[in-house]
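Subject: Structure handover

Hello,

Here is the structure I promised to pass on. Please open it first, then read the notes below.

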Amino acid sequence: MLSKNQIFVVAAAALMILAGLVMPYWFSFLVTVALAKGLVVLGLVILMRAGLVSFGQGLYYCAGAYAVGAFSDYFQTDNVLLLVLVAIVCGLVISSIVGLLLSRYRDIFFAMFSMAFSMILYGVLVKSAALGSSDGFNVTKPSLFGWAAEFNGTNLLSYWVAIILACVAGAIIWRYMRSPMGMTGEAIRENEIRVEYLGVSVQKIIYIKYIIAAVLASVGGSITAMTVGHIDPEMAYWTTSGEFVFIALMAGTGHVAAPLIGAVIFELMRTFAFQLSPYTWQMILGIALLSIIIFLPNGLWSLTDKFKKGAN
Amino acid sequence: MTALLETRDLAKNFGAVTAAADINVQINAGEIVGVIGSNGAGKTTFINMVTGYLKPSSGQILFDGKSVIGRKPREVMRDGMCRSFQVAQLFPELTVMENVLIAQSLAEGKNLSFFSPMHTPAREEKARAILKEYEILEYVDETIATLPQGVRKLLDIAMAMLSNPKVLLLDEPTSGVAIEDKFDLMTTVMAAVKKSGAAVLFVEHDMDVIARYSTRLLAFYDGRILADGPTGEVMRDKNVQTLVVGHHLDMDELEGTNNA
Amino acid sequence: MNLALAVLVDGVVYSSWLFLIAAGLTLIYGVMKILNMAHGSFYAIGAYSGASLIGVYFAGGNPPWASYLLLVGAALVAGLIVGLLIERGFLRFMYGRDEVVMILVTYGILLILEDAIKLLWGVDPYFAYQPYTLLGRTKIGGLSFANYDFMLICVTALVALVLWWSLNRTRSGKILQSVIHDREMAGALGVNVTKIFTITFVIGAFLGAFAGALTAPGISVVPGIGIEVIILAFAVVVIGGLGSVGGAFVGALIVGLSRALSVHLYPDGELFVIYGVMGLVLAFRPQGLFAIAGARKI
């Protein structure tokens, strides 16, 4: 039996998928890239709920994208399912190694150290001639067993894949956040010592959360690679990771939908701000960030709580 | 009979400072043991060592036949040794119910579920029963940060008891609690603990509380055990009265409360 | 032999440059517990102020030797204005927040400053090569080195010495150290922590701007230079131990020399080496080499 929420999500997803047929290309492109970033931020939210801010999710965003690019190039495949799977494996492998070290750190050390790892990848990619150095390289458009989902001259496959993946990931993480494993994140943020004395290894739980966040980020990277059709080392640069932190902070960590919707708002805001005044859009972002920290420390999603309380 | 918890020649140095030395204690199942000593006498060091938080400089700690040394608090806890804290260690931004549910799910086993919800009717029902036992059910939906000290202390102990430990260590259970509430708090806790059959070690400053609730008393002085025996006997000890308590104890009055 | 010489000189030059940038960052963290992401912007502002003033100065046909004083002056004024503006105008309202939140706050400031720089100076590059070329070059063992770089080493040594002396040998330095060690205690003992914060932040901002101004003659000053620099500075201070000025000195040497080694032996590993070294140090000493010990809970 589906609950009311589940029906709502499935209906919304179906509507979005159909809407792709009529919406302008620039908009479906924007939504796709936004949802890709939203997935990265969703992972970041899991870490933030455990009190950890990673300034290095770009590592997995970039690694997932490069895994897709290199794999499709080397094996001459454009199968979307295979490519996403490759990105997942890539994120899983890297994070299960890096996570061993990072799960020992907290607070600013976690933030700085995660940033350092993404910069290592950046440093390697910038100098890797085989991978296009700082220019990166082009990635083929995906297909589903040869079907490219061409409508009116635009490729809708990655848009659809993004929507489906966002819904599936959102649903899984929604359940995860309510599970004992998910709630223990909150407990760790609040009081690590107590969690240890309740018989659980805090380090192990953070390790697991780190891997989940990394896999989400690499899936996001794979979608971006397939949508944009081009990847470069900038994806691992710390400002990219900073953008994810920005979206997470702006959206809030209260609900799985927050980072996904927040990412779409962010991309819209960025597109228009950039068109209106290319030299001040960062300033607008900065002011928005400071205002949110001061006036809305739990992000835009916390407004829904206020709304609910007001209605009652 | 072998003791449940046993320390042999336990010692701890911090640099040149001796925080504990020559600690030989045996605690048997179901015993209620008070621990007294002035600040810096080594009580908390003792608790931190037996729970695996601090590694002793030398000596042995055996809990239920297994050595504690070199194992983490969480591993020792899984064997059945739980503790409460001098300052209640809770999850301040969460509600009382959430605190208990987290403690429950963690107590159920260290392999946590990723997918099944933490809030289940069965867990919630059990949580309510526990909160009722500790007489704090009325606070079930409040956030910890808004609770009075005494309620936090009770919740802290209730959460420690969730895994049905064999030994419960209470670090100053009544500190920070208003004088008039101390006995209520201890009575509630002791009733719950007695039902579970766990042995209790509690560090306490209030001699009235010690006299009323402990059957055996350990007096720490200068990192060593000055006296160990039935509560009344230790309290009568001249050394304990001068070095630990700091004044003469009126035993008739104290024993009166014990038998009451 | 030549290789060793080249690595040594390049390494020390690069280390000096790194230390100049990192000193202000670590000082601010040590005293205020703020890991200031906007420090890179201070560097950029210093570089822009220096470069634009130098351009005007030489266009006016003034005596070249005084251009060096102009660089110092530009950094002083820029550091003072920006430091005071940010600390008094904004940051002081945020004190007492979590360290991670403060990173985000300074990240917001960084975003704002990046565009403020573009608005003030435009997006075209600035060149202020005169002070650099004026000093000429020296040949050592067949290798040619810029004398300006040697001057940079001397200036850094001087800055390090002044910092060391004022932290360890003066009354106000000792007060500062007491704040670094235990802020609450220092406050309880009557130290005016608010004033110390303002002074520290301005000094830190000046050091960042100074590093930028001194670098300007050797590079083309373009938007985004601060963004590149801040993460290098992070690597240095994290290796040395956050908050320790001496640690930043050692960290700068480690990073500078290993980068120089990589540049000469394996140029492709340049960036990788910096963060690789950082990862290696932290894997064995999680708090950095000269961390100020923190107390543990319970």
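This is a predicted model: local features need pLDDT of at least 70, side-chain atom pairs count only at pLDDT 80 or more; totals for chains, interfaces and linings use all residues.

The C-alpha centres of domain 1 and domain 2 of chain B lie 26 Å apart. Domain 1 of chain B is made of two stretches, 5–80 + 164–259. Domain 2 of chain B covers 92–163.

Now look at where these two domains touch. Domain 1 of chain B puts 16 residues into the contact, and domain 2 of chain B puts in twelve residues. On the domain 1 side, the elements giving two or more residues are β7 (167–171) and α6 (179–196) of chain B. The largest share of that side comes from α6(B), with seven residues. What classes of residue make up this side of domain 1 of chain B? It has ten nonpolar, four polar and two charged residues.

Next, the sheet. Chain B has an open sheet of four strands, in the order β2-β1-β4-β5, and the pairing is antiparallel. Which strands are the edge strands? They are β2 (17–27) and β5 (66–67) of chain B, and each pairs on one side only. Strand β1 (residues 5–14) of chain B pairs with β2(B) over seven bridges, in the antiparallel sense. To see this pairing residue by residue, find N13(B): T18(B) in β2(B) stands opposite.

A helix goes with this sheet. Helix α1 (residues 43–50) of chain B lies across β1, β2 and β4 (58–63) of chain B. This helix of chain B runs at about 120° to β1(B).

Then turn to chains C and A. Their contact takes 35 residues from chain C and 35 residues from chain A. On the chain C side, the elements that give two or more residues are α4 (99–121), α10 (225–240) and α12 (270–284) of chain C. Of these, α4(C) gives the most, with 16 residues. By class, the chain C side divides into 25 nonpolar, three polar and seven charged residues.

Last, a check on one helix of chain A. Helix α1 (residues 4–19) of chain A has 16 residues. At 1.5 Å a residue, this helix of chain A should span 22 Å. The end C-alpha atoms of α1(A) are 22 Å apart, which agrees. Is α1(A) largely buried or in the open? Of its 16 residues, the number buried is one, so α1(A) lies largely in the open. Here, a residue is buried if 20 or more other C-beta atoms lie within 10 Å of its own.

Best wishes

Conventions: Residues are numbered from 1 along each chain as its sequence is written. Chains are lettered from A and ligands numbered from 1 in the order in which they are written. Domain bounds come from an automatic or database domain assignment. Two residues are in contact if their C-beta atoms, placed from the backbone, lie within 7 Å. Ala, Val, Leu, Ile, Met, Phe, Trp, Tyr, Cys and Pro count as nonpolar, Asp, Glu, Lys and Arg as charged, and the others, Gly among them, as polar. Two strands pair if DSSP finds at least two bridges between them. Axes are lines fitted to C-alpha atoms, for helices over the stretch in contact, and angles run from 0 to 180 degrees between N-to-C directions. The expected span of a helix is 1.5 Å times one less than its number of residues. A residue is buried if 20 or more other C-beta atoms lie within 10 Å of its own, exposed if 12 or fewer, and partly exposed in between; C-beta atoms are placed from the backbone.
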